[in-house]
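Have a look at the sequence and the fold, then work along.

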Amino acid sequence: GLLVAVRYQARGNARRPATRRRTLAPVALYAAYGSNLDPAQMLLRCPHSPQRGTGWLEGWRLTFGGEDIGWDGALATVVEDPGSRVFVVLYDVSEGDEKALDNWDGVTLGYYRRAKVRVETLDGDVLAWLYVLNFYEGGLPSARSIGILADSAERAGAPADYVATLRALPCAKMGDSNTAYEGPEGAGGP
């Protein structure tokens, strides 16, 4: 007869201990541009997600939309716009905190979706994700929303001129519908 030699190769290392090494959950870099700029708020919402730094979304503009779904006026979002830029805070978001943030920011309700962006930092460009509104641009945020946004940017260390620009954004007057706007003549959207 015919003699066939078969070489047996065990999978893995037979001497490996039965317990597996534990590794940390993957983290994702999140770019906050709205009220999540505030480090204290993010610490409450995402306690396992440290701040990594700040940067700019070059070629993007902060704007508002979804006025009909926001209980307090139009909601913050960003849109691509050459020549514009938006200040952001970067956070290393853990998997568990990512799910909590999705709930906080209306992803589970279909209000926002994630988008990948390039953020310019002092250490070079980094890739991150952020939330983009699923509704058309337009409508005015409330004065309260503008105040929260500007205060959050200030707490995050945004430049004073950027914070001043946020405070000057048009907003709905208290007690009026979101379509009412009383501001400088000829002032357009953000």
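A polar contact is a pair of N or O atoms within 3.5 Å; within protein, one must be able to donate a hydrogen and the other to accept it, and residues adjacent in sequence count only if both atoms are side-chain atoms. This is a predicted model, where local features need pLDDT of at least 70, side-chain atom pairs count only at pLDDT 80 or more, and totals for chains, interfaces and linings use all residues. Residues are numbered from 1 along each chain as its sequence is written, and side-chain values use heavy atoms, with hydrogens and water left out.

**Exercise 1.** Work out where Ser49 sits and what its side chain reaches.

Solution. Start with the chain: Ser49 is in the loop that joins helix H1 (39–45) to strand S2 (51–65). Helices (H or I, at least four residues) and strands (E, at least two) are DSSP runs, numbered from the N terminus. Next, check the cover: Ser49 has 6% relative accessibility, so it counts as buried (under 20% relative accessible area; exposed is over 50%, partly exposed in between; 1.4 Å probe, protein chains only). Finally, list the neighbours in contact (heavy atoms within 4.5 Å): leaving out residues up to four places away in sequence, Ser49 touches Tyr91, Asp92, Val93, Ser94 and Asp97.

**Exercise 2.** Find out which parts the pair of Trp56 and Phe87 ties together.

Solution. First, the rule: rings of Phe, Tyr and Trp (its six-membered ring) pair if their centres lie within 6.5 Å; planes under 30 degrees apart count as stacked, over 60 as edge-to-face and the rest as tilted. By that rule there are nine aromatic pairs. One of them, Trp56 with Phe87, is edge-to-face, at 5.4 Å centre to centre and 75° between the planes. Trp56 belongs to strand S2 and Phe87 to strand S3 (residues 75–94), so the pair ties together parts 31 residues apart in sequence. Both ends are tucked away: Trp56 is buried at 15% relative accessible area, and Phe87 is buried at 4%.

**Exercise 3.** Describe what surrounds the ring of Trp129.

Solution. Begin with its partner: the rings of Trp129 and Tyr131 have centres 5.1 Å apart and planes at 75°, so this pair is edge-to-face. Trp129 and Tyr131 are both buried. Step back, and ring pairs link Tyr30, Tyr91, Tyr112, Trp129 and Tyr131 into a cluster.

Conventions:
A charge sits over a ring if NZ of Lys or CZ of Arg is within 6 Å of the ring centre and within 35 degrees of the ring normal.
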